[in-house]
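Please look through the model below before reading my remarks.

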Amino acid sequence: MRVTHDIEITTSSVILDGQPIVVQQTGEKMLVELYRRFVGDYPKFFKMDTLSRLGFIAAELLLKQPAAGNQQPVDAVILANRSASIKNDRDYLATITEGNYYPSPALFVYTLPNIVTGEIAIRHGIQGETSFYILDTPQQLNAIIAATPFQSALAGWCECSAQDKFYAKLQTIWNN
Amino acid sequence: MVYCIGHSIISPLGEGSQANVEAVQAGRSGLRLYHNRFADVEPFCASLFDTPQEFVPLCICSVTCALNDSQIAALPETIFILSTTKGDNLDLLTPAQAIVQHFGNPNPPVVVSNACTSGVCAQITAKRLLEAGLYKHAIVIGCDIQTRFIVSGFQAFKALSPEPCRPFSPDRQGLNLGEAAATIIYTAEPQPGGWKLVAGSIHNDANHLSAPSRTGEGAYRCLTDVMAGMQPADIDLLGVHGTATPYNDAMERTAIERAGLQDVPVSALKPFFGHTMGAAGVVETIIGMEILKHGTFVKMLSGFGGVNAAIRLTCE
Amino acid sequence: MEQLIEQLKAQIIEALNFEDMTPADINTDAPLFGEGLGLDSIDALELIMLMDREYGIKLADPKAGKAIFQSVRTMAEYIQANRTK
């Protein structure tokens with residue numbers, strides 16, 4: 001198993017393959033800034049919840065990197081975090097308060113953590129495995145990834161626990 | 001290959017796999033109409049426990065029932081894998097940790113949250129971790145409890161049928177929700193007789209978050225993966241998702257025909273249990289094994305996020 | 001009517017998160033789905049919820065939405081005729 005590229009996104013920094021990407025904004029606004037600078041042609045981004053925006057941006061930046069000799073595209077997306085889709089769950093809850101009950105379908109669809117893997121699969125045409133795990137530590141994810149069959153995967157930690165509180169550390173990994 | 005050494009279902013239809021199988025064979029359904037279960041929510045048809053259940057005790061009850069005097073839950077070589085979509089009031093990790101703690105198991109649990117396919121995906125994860133030699137036994141729990149949160153969302157999606165669902169009927173009107181806890185225990189140690197989990201596969205449609213693929217691409221790929229080396233005639237029963245929504249049933253039909261499985265008997269269990277979400281893959285695998293007794297059983301599911309999953313089990 | 005159309009455009013932009021769009025960018029008679037704004041099935045459900053929340057119109061059958069959501073104008077006409085608030 002070989003890690004070809006990695007990215008770490010905090011609420012105020014982005015480090016791609018060890019090199020920082022200078023950003024002006026922080027938090028959710030930083031994700032929008034990254035979208036405008038590096039993507040720009042996928043307005044569906046604005047419909048996504050923060051967890052999906054985070055995973056989407058990380059995937060965009062990673063999958064733009066040269067594949068280092070391997071030509072086949074990534075065929076699996078395996079992500080994990082501790083708090084599932086809690087931030088968007090709470091946003092959805094706000095639409096069903098008693099006395100002001102108008103449940104939002106557009107928010108409800110994001111009340112599952114694996115939706116971010118679906119967004120990445122749709123964007124990049126990935127028809128292999130997509131899996132989402134809720135775990136205590138990233139070490140547990142490493143054991144699961146090692147036991148998962150794939151040729152090339154986008155894998156890692158993708159967490160959003162509240163408004164402007166998120167963290168992602170994703171890698172592209174190649175087997176053989 | 002991993003070996004099934006125990007299972008249980010706790011649902012509104014009964015406590016224990018046997019009680020649930022008997023209910024299905026007798027044609028009893030857990031579905032009924034609820035008018036005032038949750039504030040603001042329109043009346044809905046579902047299979048719910050008469051007394052609202054708490055998530056962690058329900059899971060513990062299901063595991064205890066599946067263990068049936070065996071003590072493997074406490075062994076350091078055992079991993080707990082929980083399949084759920086909304087867990088205990090939107091928290092997925094804490095209840096999993098509470099279950100493990102209850103049984104005195106030292107290993108941090110794995111929670112699989114892959115939408116409606118979670119219960120099949122959790123069994124695939126169990127197979128992988130056991131085959132990798134990381135653990136000797138895996139306790140796979142599937143559980144979801146219906147809440148105002150979930151019912152309101154499915155109503156906003158216009159996905160619920162006002163009456164008991166009719167999978168694959170031309171006049172199907174949508175799905176019913178349900179609640180259940182179910183457990184399957186797998187071991188890496190070869191067992192004489194009994195059911196074996198032989199193959200598993202997960203594929204994304206890469207098409208749409210909530211609308212099933214017109215071509216059934218992900219489900220088709222899952223079916224061909226788990227059937228590798230087999231002929232359609234070797235499959236004795238195909239457990240479909242069968243949500244009774246117009247598009248998902250149509251997608252499954254397309255995938256089944258593309259995989260050449262149109263002559264295989266099909267079972268769709270949502271008219272008995274409703275859609276039990278994280279529990280569905282576990283409940284429906286157990287019923288399939290019990291009704292078939294022996295042979296080859298393929299179980300498939302699909303869900304939000306465009307994900308599909310299938311497993312193949314055999315019993316000689 | 002024109003006032004309702006302008007208000008509706010702003011509400012659609014807000015509800016469907018069209019970040020880079022202003023009411024002036026939406027053609028009143030252009031199709032909402034397919035070629036025009038390119039809305040999808042989740043957007044349609046969100047528009048049904050918008051009509052309930054803002055205008056007190058309950059649409060039980062999502063299939064009925066097809067005729068109503070042809071354009072902003074058809075939607076405004078339907079709201080004008082059926083609004084309860």
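**Notes on the model**

1. In chain B, 78% of the contacts between residues at least 6 apart in sequence join residues that are at least 24 apart, where two residues count as in contact if their C-beta atoms, placed from the backbone, lie within 7 Å. For chain A, the share of contacts with a separation of 6 or more that comes from residues 24 or more positions apart is 63%.

2. Please keep in mind that this is a predicted model, in which local features need pLDDT of at least 70 and side-chain atom pairs count only at pLDDT 80 or more, while totals for chains, interfaces and linings use all residues. Residues are numbered from 1 along each chain as its sequence is written, and chains are lettered from A and ligands numbered from 1 in the order in which they are written.

3. Chain B has nine helices and 14 strands, the helices (H or I, at least four residues) and strands (E, at least two) being DSSP runs numbered from the N terminus. Its radius of gyration is 18 Å, close to the 20 Å that the globule rule gives for 316 residues, so chain B is as compact as a globular protein of that length; this radius is taken over C-alpha atoms, and the rule is 2.2 Å times the number of residues to the power 0.38. Along the principal axes, the C-alpha atoms of chain B fill a box of roughly 50 × 45 × 40 Å.

4. Chain A contains six helices and nine strands. With a radius of gyration of 16 Å, close to the 16 Å from the globule rule for 176 residues, chain A is likewise described as being as compact as a globular protein of that length. Its C-alpha trace spans about 60 × 35 × 30 Å along the principal axes.

5. Of the 316 residues in chain B, 59% are buried, and of the 176 residues in chain A, 47% are buried. A residue is called buried if 20 or more other C-beta atoms lie within 10 Å of its own, exposed if 12 or fewer do, and partly exposed in between, with C-beta atoms placed from the backbone.

6. How many residues of strand E9 of chain B are buried? Eight of the eight residues in this strand, which covers residues 180-187, are buried. B:Ala180, B:Ala182, B:Ile184 and B:Tyr186 point one way, whereas B:Ala181, B:Thr183, B:Ile185 and B:Thr187 point the other way.

7. E9(B) also has strand partners, and two strands are said to pair if DSSP finds at least two bridges between them. Strand E1 (residues 2-11) of chain B runs antiparallel to E9(B) and is joined to it by seven bridges, with B:Ile10 opposite B:Ala181. Strand E7 (residues 137-144) of chain B pairs with E9(B) in the antiparallel sense over eight bridges, and here B:Asp144 stands opposite B:Ala180.

8. Chain B is divided into domain 1 (2-187) and domain 2 (196-315), with bounds that come from an automatic or database domain assignment. The C-alpha centres of these two domains lie 18 Å apart, and 54 residues of domain 1 are in contact with 42 residues of domain 2. On the side of domain 1 that touches domain 2, the largest share, seven residues, comes from H4(B).

9. The contact between chains B and A takes 40 residues from each of them. On the chain B side, H5(B) gives the largest share, six residues, and by class this side has 21 nonpolar, 14 polar and five charged residues. Here Ala, Val, Leu, Ile, Met, Phe, Trp, Tyr, Cys and Pro count as nonpolar, Asp, Glu, Lys and Arg as charged, and the others, Gly among them, as polar.

10. Strand pairing also links these two chains: strand E7 (residues 130-134) of chain A and E6(B) run antiparallel and are joined by two bridges, with A:Tyr133 opposite B:Val112.

11. In helix H3 (residues 93-102) of chain B, the buried residues include B:Leu93, B:Pro95, B:Ala96, B:Ile99 and B:Val100. Their cover includes E7 of chain A, together with helix H2 (55-67), strand E5 (78-83) and E6 of chain B. H3(B) is followed by B:Gly104, whose phi is positive, near 65 degrees.
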